[in-house]
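I opened the notebook to look up how this chain is put together. The entries follow the order of my searches.

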Amino acid sequence: MELPDFMSYANKFSQTDFVDKIARIAKRAGSKLVYAALILYYTLQSDKISKTNKAMIIGALGYMISPLDVVPDAIPIAGLTDDLAVLLFVLKKVWTDIDPDIQTKAKERLSKWFDEDEINEINHLFDEE
């Protein structure tokens with residue numbers, strides 16, 4: 001799958017829109033997408049990450065929030081695959097800069113929306129679907 005120009009979606013990102021969308025799509029999106037999004041969201045708030053990586057994260061989260069993307073979110077199952085691909089692409093790029101506390105915080109937040117079996121899926125975050 002070729003990734004879209006997710007950086008053009010940076011102006012779509014806002015904290016309020018992010019929280020609203022995650023809460024709305026959590027179960028349908030699955031724990032991998034939500035976990036990746038939460039890690040990027042919490043990493044964005046860190047002062048330990050470069051401006052370049054912050055820009056990539058904002059672009060990826062903006063892409064996820066935007067209803068206008070390569071595969072519309074309204075399409076069952078396939079609608080969020082492009083969002084997951086973009087989030088994982090950026091997550092891999094910034095993974096070495098991610099503080100373990102951020103991963104813990106994201107897992108704690110997941111436990112509010114998912115059961116233990118669903119949360120276990122994040123142990124294979126970068127595995128192909």
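**Entry 1: the chain as a whole**

What share of the contacts in the chain with a separation of 6 or more comes from residues 24 or more positions apart? I found that such residues account for 76% of them, a contact being heavy atoms within 4.5 Å.

I note that this is a predicted model, in which local features need pLDDT of at least 70 and side-chain atom pairs count only at pLDDT 80 or more, while totals for chains, interfaces and linings use all residues. Residues are numbered from 1 along each chain as its sequence is written, and side-chain values use heavy atoms, with hydrogens and water left out.

I looked up the elements and found six helices and zero strands. Both kinds are DSSP runs numbered from the N terminus: helices are H or I with at least four residues, strands are E with at least two. From the N terminus on, the order is α-α-α-α-α-α.

I then looked up burial. Of the 129 residues in the chain, 47% are buried. Buried means under 20% relative accessible area, exposed means over 50%, and partly exposed lies in between (1.4 Å probe, protein chains only).

**Entry 2: the core**

I looked for the largest nonpolar core and found one of 43 residues. Such a core is a set of buried Ala, Val, Leu, Ile, Met, Phe, Trp, Tyr and Cys residues joined through side-chain atoms within 4.5 Å. Phe 18, Leu 61 and Leu 87 have the most contacts inside this core. At least two residues of the core come from each of α1, α2, α3 (51–65), α4 (81–94) and α5. The most come from α2, which gives 11 residues.

I followed Leu 87 further. Leaving out residues up to four places away in sequence, Leu 87 touches Leu 33, Ala 36, Ala 37, Leu 40, Ala 60, Leu 61 and Met 64.

The 15 residues of α3 should span 21 Å, and the end C-alpha atoms are 21 Å apart, which agrees. The buried residues of α3 include Asn 53, Gly 59 and Tyr 63. Among the elements that cover the buried residues of α3 are α1, α2 and α4.

Asp 82 and Asp 83 are among the buried residues of α4. The cover of the buried residues of α4 includes α2 and α3.

**Entry 3: aromatic rings**

How many aromatic pairs does a search of the whole structure find? I counted four. Rings of Phe, Tyr and Trp (its six-membered ring) pair if their centres lie within 6.5 Å; planes under 30 degrees apart count as stacked, over 60 as edge-to-face and the rest as tilted. Phe 18 and Tyr 41 form a stacked pair, 4.4 Å centre to centre with 15 degrees between the planes. This pair links distant parts of the chain, as Phe 18 is in helix α1 (residues 15–29) and Tyr 41 in helix α2 (residues 31–44), 23 residues apart. Tyr 41 and Tyr 42 form a tilted pair, at 5.6 Å centre to centre and 55 degrees between the planes.

I joined these up: ring pairs link Phe 18, Tyr 41 and Tyr 42 into a cluster. Phe 18 is buried. Tyr 41 counts as buried because its relative accessibility is 9%, and Tyr 42 counts as buried because its own is 12%.

I also found Lys 105 over the face of Tyr 42, at 4.5 Å from the ring centre. A charge sits over a ring if NZ of Lys or CZ of Arg is within 6 Å of the ring centre and within 35 degrees of the ring normal.

Is Thr 43 buried or exposed? Thr 43 is buried, because its relative accessible area is 1%. This residue is in helix α2. A polar atom of the Thr 43 side chain lies 2.7 Å from the backbone oxygen of Ile 39. Leaving aside neighbours within four places in sequence, Thr 43 is in contact with Ile 49, Ile 57, Ile 98 and Ile 102.

I went on to Ile 102, which lies in helix α5 (residues 100–110). Ile 102 is buried too, with a relative accessible area of 11%. Ile 102 and Tyr 42 are 60 residues apart in sequence and 6.2 Å apart in space, C-alpha to C-alpha.

Note on methods:
A polar contact is a pair of N or O atoms within 3.5 Å; within protein, one must be able to donate a hydrogen and the other to accept it, and residues adjacent in sequence count only if both atoms are side-chain atoms. The expected span of a helix is 1.5 Å times one less than its number of residues.
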